[in-house]
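Please open the structure in your viewer and keep the selection tool at hand. The tour below goes from one selection to the next and says what can be found at each stop.

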Amino acid sequence: MAISRSTYGTRRLAIVLFACLLVALFLLPSQSQRLLQYVGGPLGQILSVPLAAFSSVDHGISETWNAYLALQSVQEENRQLHRDLELLKGQNNQLRESVAATRRYETLLNFKQQSPSQTLAAQVIGRDATNWYGGMILNKGESDGVRVEMGVVTPAGVVGRIVKTNSTSSVVLLVTDPNNAIAGVVQRTRDEGIVEGTSHGRARLKYIPLLSRVQAGDRVVTSGLTGTFPRGLAIGGLTQVEKSEGDLFQSAEIEPEVDLSKLDEVLIITAPYEDADSAQKLLQEIRGDRKKP
């Protein structure tokens with residue numbers, strides 16, 4: 001009860017003092033002005049310290065917030081620039097691939113125009129997963145005129161021969177496969193032999209005459225004696241000649257001219273020579289003449 005009376009008395013005293021102050025301001029303007037100036041100077045200095053501190057803190061917070069907003073804007077701009085850069089990189093890679101493909105097609109076209117053989121362009125769409133050097137799949141098949149035993153080449157040289165076909169695709173047995181065999185001839189010595197694949201991704205020229213002077217560095221090309229390839233297509237270079245005592249023939253290892261692991265487009269030889277039909281008819285006529293008594 002005593003506490004309530006004390007509080008009530010304090011409130012009454014504050015109200016009375018405030019009322020007296022107002023009366024003094026209105027009734028004694030000049031005196032009150034000097035009084036306020038006298039009191040306001042020290043009071044203003046006292047209040048200026050926390051007000052300045054508050055203003056400084058507010059200014060710092062404002063600058064920090066603006067810096068944060070600017071940083072967020074810069075980060076978003078950097079992210080957008082990064083996305084644009086990745087997009088440009090992708091487009092640049094596509095353009096480079098297009099240019100490379102165009103150059104390969106131009107090389108194939110020039111070879112096709114200069115070759116005496118009838119050829120068909122095809123793309124590599126798959127490889128034998130169990131034997132990288134064994135075979136690959138092309139996007140041309142029987143509906144395009146592709147048949148088993150047709151030769152496959154690039155402007156650099158021999159790739160292999162067709163061993164299986166369906167209506168839309170075909171399988172190529174590479175020149176480095178052990179099951180492949182192509183008639184070849186050494187350009188320098190004109191010695192003939194059979195080119196077969198090896199188990200370690202190269203090829204070997206077999207049945208070289210024992211007295212032949214073939215040596216490492218000699219080039220091997222197709223002999224043209226079979227209907228698969230015309231004469232003179234590059235197969236590869238000899239890297240090592242082997243001649244064992246007691247053997248009837250020599251053999252030599254060949255480094256293939258074509259990098260078979262990096263092929264994208266090839267040419268299928270549909271006829272070794274443009275006039276293959278005429279040559280076949282002439283051969284039949286010769287055989288017919290020989291049979292006559």
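**A tour by selection**

Begin by selecting Arg161 and Glu149, which form a salt bridge whose closest N and O atoms are 2.8 Å apart. Arg161 belongs to strand S4 (residues 157-165), while Glu149 sits in the loop between strand S2 (135-138) and strand S3 (151-154), so the pair ties together parts that are 12 residues apart in sequence. Please keep in mind, here and at every later stop, that this is a predicted model.

Now colour the two partners by their accessibility. Arg161 has a relative accessible area of 13% and is therefore buried, since buried means under 20%, whereas Glu149, with a relative accessible area of 39%, is partly exposed.

Next, select Lys206 and Glu196, whose side chains meet in a salt bridge of 3.4 Å, N to O. Lys206 lies in strand S8 and Glu196 in strand S7 (residues 192-197), so this pair ties together parts that are 10 residues apart in sequence. The relative accessible area of Lys206 is 26%, and Lys206 is partly exposed.

Because Glu242 lies in strand S10 and Arg204 in strand S8, the pair ties together parts that are 38 residues apart in sequence. Glu242 counts as partly exposed at 32% relative accessibility, but Arg204, with a relative accessible area of 18%, is buried. If you extend the selection to Arg202, Glu253 and Glu255, you will see one network, in which salt bridges that share partners join these residues with Arg204 and Glu242. In the whole structure, a search finds 9 salt bridges.

Now switch to a cartoon view and show the strands. Which strands close into a barrel? There are 6 of them, in the order S6-S7-S8-S11-S10-S9, and their pairing is antiparallel. Neighbouring strands of this sheet are turned by 40° against each other on average, with direction ignored. For a closer look at one pairing, select strand S10 (residues 234-242) and strand S11 (residues 249-256), which pair in the antiparallel sense over 6 bridges; here Gly237 stands opposite Glu255 in S11.

Finally, show the surface and select Tyr207, Leu248 and Phe249, which form a nonpolar patch there with about 350 Å² of accessible area together. Tyr207 has its place in strand S8 (residues 203-209), and with a relative accessible area of 44% Tyr207 is partly exposed.

Terms used
Residues numbered from 1 in each chain as written. Predicted model: local features only at pLDDT ≥ 70, side-chain atom pairs only at ≥ 80, totals over all residues. Heavy atoms only, no water. Patch = residues over 30% accessible without salt bridge, like charges linked within 9 Å, V, L, I, M, F, W, Y side chains within 5 Å. Areas by Shrake-Rupley, 256 points an atom, 1.4 Å probe, with all protein chains shown as cover. Salt bridge = Lys/Arg side-chain N within 4 Å of Asp/Glu carboxyl O. Helix = DSSP H or I, 4+ residues; strand = E, 2+ residues; numbered from the N terminus. Buried < 20%, exposed > 50% of the residue type's maximum accessible area, 1.4 Å probe, protein only. Pairing = 2+ DSSP bridges. Axes fitted to C-alpha atoms, helices over the stretch in contact; angles between N-to-C directions.
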